[in-house]
Amino acid sequence: MSKIQILWADDEIEHLKPHIHFLEARGYHVDTVTNGIDAIIQVKANYYDVVFLDENMPGISGLEALKQIKEIKGDLPIVMITKSEEEHIMEDAIGSKIEDYLIKPVNPNQILLSVKKITDNKRLIKEQTTKGYQQEFRHISMALFENPNFEEWKLLYKKLVYWELELDKSPDSGMEEVIKSQKIDANREFSKFIEKNYLNFIQNDNPKAPIMSHTLFNKAVLPALKQGKPTFFLLMDNLRFDQWRMISSSINEIFRIENEDMYMSILPTTTQYCRNSIFSGLMPLEIEKRFPDKWSNDEDEGGKNMFEDFFLQDLLQRLRKADLKTSYTKILNLNEGKALVDSIPNLLKNDLNVVVYNFVDTLSHARTDYKVIRELADDEAAYRSLTLSWFEHSPLKEALKRIAEKDATVIITTDHGSVRVNNTVKIIGDKNTTTNLRYKTGRNLSYNAKEVMEFKDPHKAMLPKIHMTSSFAVAKENDFFVYPNNLNHFAKYYTGTFQHGGISMEEMIIPLITLSSK
């Protein structure tokens, strides 16, 4: 392994001989110069892993040398060393993308630490990340089998997402397959938890039920409203918690993250059921009974989410909040996103603004349908990265910047998440059986009951019946439904795609975030 190459530029380099010997004794190679011009010449002629640059040298200043070196080799790590503690020098150096800033007098260990942070950073992080997850692995595994309640499931899922993202930063750590396996175990136990508790949770009089789709507005949104302070309820369709975590750093630059929570979506985890339930404050069966002309069953033609604003106004009326000044905006394309940015000044005059932003769901479907998107988001990490890339350049981020300029509250959430499917489950139904890969409803469904969560009487799950004999079958974990005919074709086409409608942590434990202006 070749030595780390260091260039040290300082007009008092003779006084730094002990520091240089200290580094050389630890295997580093150090070249020295006494001014900025020579430093630039050396950088042009040689390869260096890091440059130490004194700020105050004869001839050109350290800051000027820094700028010229960056023009030659923009990615070369530079450490600025100075006697001055003036703020403007620090700001100029940081603005020129230095790696570190040290105040004289420096000791050898400071220099060594700076070199290690720059040259050995990835290895050290990978080692510590691997060690940290190995220690946490046992605790998570034990907790999975201790009958966790929903609050404990939220914490477990948060931990898994945290380690998944940390291991993304340290590829080739050997832990990727381990955490995949642990997530499989977790989803298996979570599915058992849902099968055991779901029907009890959806009972109106259950005080132990978590916040769910139909109670979200009453329990989480309306209590956040403050008189004279506009609130934006931003629903990003199909946003998983790990995708939220990917964009959270970018959002934290704009807003203060007051609370990072999660809630439970209802079943099936699709827009038609979950989002109508959110805005109506009702379960799907209750929506069908109260508004028979506005509920569309799976086999009905036309859109399934055409009356969200109507449902919202009815909910506010029932909750005696009809006096609130509200707006409802649905964003389906780029131009509508740009129009949202322009409308922010007017929306800030309202008490409550509901914005449904439909991009993540489009990305999920596009990844299934288009080869180029599937290649761009080949795995979980790439899928998350694509979400971040979109957000950074989206009108949504610009809209949030406009909102953050005023004293406002923003609640970011979603209707459901999605899971990467890789295991087929055979199912048979008639020609009117629904097409969703993660749940089926229809007459005469035939399947292995051990492989699904079944609602033989959908009304008990507060779901409408399309026919008197209709039932529901919901896929669990990473499964997806296929018909026996053309099984191999559909298995190959859909394996590895992101789907929703079923039972998994990714689909059902979903972000509920509260932001406030800084």
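# A guided tour of pockets, rings and buried residues

Visitor: Which element gives the most to the lining of the second largest pocket?

Guide: Welcome! This is a predicted model. The elements that each give two or more residues to this lining are α7 (150–168), α8 (176–201), α17 (380–392) and β11 (419–420). The one that gives the most, with 6 residues, is α8.

Visitor: How many charged residues are in the lining of that second largest pocket?

Guide: The pocket holds about 530 Å³ of space, and 22 residues line it. Nearest its centre lie E164, E176, K180, E380 and R420. By class, the lining divides into 7 nonpolar residues, 4 polar ones and, for the class you asked about, 11 charged.

Visitor: Which element gives the most to the lining of the largest cavity?

Guide: The lining is made up of F232, L234, L340, I344, V355, L396, A399, L400, I403 and V410. At least two of the lining residues come from each of β6 (231–236), α14 (334–347) and α18 (395–404). With 4 residues, the element that gives the most is α18.

Visitor: What class are the residues in the lining of the largest cavity?

Guide: Let us go class by class. The lining has no polar and no charged residues. Its 10 residues are nonpolar.

Visitor: Is K397 buried or exposed?

Guide: K397 lies in helix α18, the helix that gives the most to the lining of the largest cavity. Leaving out residues up to four places away in sequence, K397 touches S250, E253, I254, F391 and E392. Its relative accessible area is 8%, and buried means under 20%, so K397 is buried.

Visitor: Why does K229 count as buried?

Guide: K229 is found in the loop between α9 and β6. Residues up to four places away in sequence aside, K229 touches D351, D407, A408 and T409. The cut-off for buried is under 20%, and K229 counts as buried because its relative accessibility is 17%.

Visitor: How many residues of α11 are buried?

Guide: Helix α11 spans residues 271–280 and is mostly covered. Among its buried residues are Y273, R275 and F279. Just after α11, G281 takes a positive phi of about 70 degrees. As for your count, the buried residues of α11 number 10 of 10.

Visitor: How many aromatic pairs does the structure hold, and what kind of pair do F193 and F201 form?

Guide: In general, a pair of aromatic rings is described by the distance of the centres and the angle of the planes. The structure holds 26 aromatic pairs. For F193 and F201 the centres are 5.9 Å apart and the planes are at 55 degrees, so the pair is tilted.

Visitor: How many residues apart are F217 and F279?

Guide: F217 and F279 also form a tilted aromatic pair, 6.1 Å centre to centre with 55 degrees between the planes. Both F217 and F279 are buried. The pair links distant parts of the chain, with F217 in helix α9 (residues 216–221) and F279 in helix α11, and the separation is 62 residues.

Visitor: Which residue has the charged end of K294 over its ring?

Guide: Charged side chains are found over rings at more than one place here, so let us take two examples in turn. R26 lies over the face of F22, at 3.7 Å from the ring centre. The charged end of K294 sits 4.5 Å from the centre of a ring, and that ring belongs to F310.

Visitor: How far apart in space are T424 and I41, C-alpha to C-alpha?

Guide: T424 has its place in strand β12 (residues 423–428) and is partly exposed, with a relative accessible area of 29%. Residues up to four places away in sequence aside, T424 touches F480, V482 and A491. T424 and I41 are 383 residues apart in sequence, and their C-alpha to C-alpha distance in space is 63 Å.

Key:
Residues are numbered from 1 along each chain as its sequence is written. This is a predicted model: local features need pLDDT of at least 70, side-chain atom pairs count only at pLDDT 80 or more; totals for chains, interfaces and linings use all residues. Side-chain values use heavy atoms; hydrogens and water are left out. Rings of Phe, Tyr and Trp (its six-membered ring) pair if their centres lie within 6.5 Å; planes under 30 degrees apart count as stacked, over 60 as edge-to-face and the rest as tilted. Buried means under 20% relative accessible area, exposed over 50%, partly exposed in between (1.4 Å probe, protein chains only). A charge sits over a ring if NZ of Lys or CZ of Arg is within 6 Å of the ring centre and within 35 degrees of the ring normal. On a 1 Å grid over the protein atoms alone, a cavity is a set of points where a 1.4 Å probe fits but cannot get out, and a pocket is an open set with protein on both sides within 12 Å along at least five of seven lines; lining residues have an atom within 4 Å of a point. Ala, Val, Leu, Ile, Met, Phe, Trp, Tyr, Cys and Pro count as nonpolar, Asp, Glu, Lys and Arg as charged, and the others, Gly among them, as polar. Contact means heavy atoms within 4.5 Å. Grid points are joined across faces, edges and corners, and a volume is the space filled by probe spheres set on the points.
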